Amino acid sequence: MILWIIISIIFILQLHRAFILYRQIETLRSSLPEESELSFLKLYVSPADLNDDGALQNILKKPEVYTTPDEDAITIRVLSVQKPTVPFQGILQNLNAYLARNYHVAIDFGIMKDIIERPIETWQKGIRQLIPVPILLGLLGTIISIIVGVFELSGSQSTADWDINSFLDSVASAMIVSAAGVLLTVVANLTLSLRCPTSRRTQKCALCLHSGAGVAQSR
């Protein structure tokens, strides 16, 4: 009875971790916006605010406040995305900070590509570090089950009371969570490989933003 409770708890933990991994992978997959979701806003900011990191961050958090034309202000163009995902929110802030500080010069494609790729790679590495958790939980469940079985055997009055077959059945049952852990880990790896943004897609996104930024600057 105790053994099956342990196995059930471990299996529930495995499923919970697998569900979290799947949601993170799906968030990563949809992190880059489609071209139709991109637009550029024309902002009017003072030179002092543009040179102040704190003021600039506040402007980029609420850009719609600074769309009113002002002859004494500097005109900059920043990227706007409809409902940006969690991973892209930080990317958007960094892209707009770069665009704002370099409003008077040509936009560098390599820098924009790097701003997009680095957070995506960091997010992906974080997911990969969590992928082995289900299999580790399975091994933990198997080890605990073996320990419980050994204690049950050692608690017998004599060797004649030892039920080796029952012990082996318990271990075999505990191996279920190990098998489940292997299966969930393999599925998570495959899902991440197939659904995460590729370097080709990030490059396409950077090229789209670079082209859009160039057109916006020329206006």
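What percentage of the 219 residues of the chain count as buried? In this predicted model, the share is 37%. The sections below describe the chain as a whole and then some of its parts.

## Overall architecture

The chain contains eight helices and two strands. Read from the N terminus, these elements follow the order α-β-α-α-β-α-α-α-α-α.

Contacts between residues at least 6 apart in sequence were also examined, and 81% of them join residues at least 24 apart. The accessible surface of the chain comes to about 13,000 Å². Carbon and sulfur atoms account for 60% of that surface.

## Helix α4

Helix α4 covers residues 86-101 and has 16 residues. From its first C-alpha to its last, α4 reaches 24 Å, which is close to the 22 Å expected at 1.5 Å a residue.

The buried residues of α4 are Pro87, Phe88, Ile91, Leu92, Leu95, Asn96, Ala97, Tyr98, Leu99 and Ala100.

## Helix α5

Helix α5 spans residues 109-130, a run of 22 residues. The distance between its first and last C-alpha is 33 Å, close to the 32 Å expected at 1.5 Å a residue. At the start of α5, aspartate 108 places a side-chain oxygen within 2.8 Å of the backbone nitrogen of glycine 110.

Several residues of α5 are buried: Met112, Ile115, Ile116, Glu117, Ile120, Gln124 and Ile127.

Tyrosine 66 lies in the loop between α3 (53-61) and β2 (74-81). Is this residue buried, exposed or partly exposed? Tyrosine 66 counts as partly exposed because its relative accessibility is 26%, and this class lies between the limits of under 20% for buried and over 50% for exposed.

When its neighbours within four places in sequence are left aside, tyrosine 66 is in contact with Lys42, Leu43, Tyr44, Val45 and Ile59. For one of these residues, tyrosine 44, the separation from tyrosine 66 is 22 residues in sequence and 5.6 Å in space, C-alpha to C-alpha.

## The largest pocket

The largest pocket has a volume of about 210 Å³. Its lining is formed by Leu32, Pro33, Glu34, Glu35, Leu38, Arg201, Lys204, Cys205 and Cys208.

Which helix gives the most to this lining? Helix α8 (residues 199-218) does so, with four residues.

Methods
Residues numbered from 1 in each chain as written. Predicted model: local features only at pLDDT ≥ 70, side-chain atom pairs only at ≥ 80, totals over all residues. Heavy atoms only, no water. Buried < 20%, exposed > 50% of the residue type's maximum accessible area, 1.4 Å probe, protein only. Contact = heavy atoms within 4.5 Å. Areas by Shrake-Rupley, 256 points an atom, 1.4 Å probe, with all protein chains shown as cover. Expected span 1.5 Å × (residues − 1). Polar contact = N/O pair within 3.5 Å; in protein donor to acceptor, adjacent residues only side chain to side chain. 1 Å grid on protein atoms, 1.4 Å probe; cavity = no way out; pocket = protein on both sides within 12 Å on 5 of 7 lines; lining within 4 Å. Points joined across faces, edges and corners; volume = space filled by probe spheres on them.
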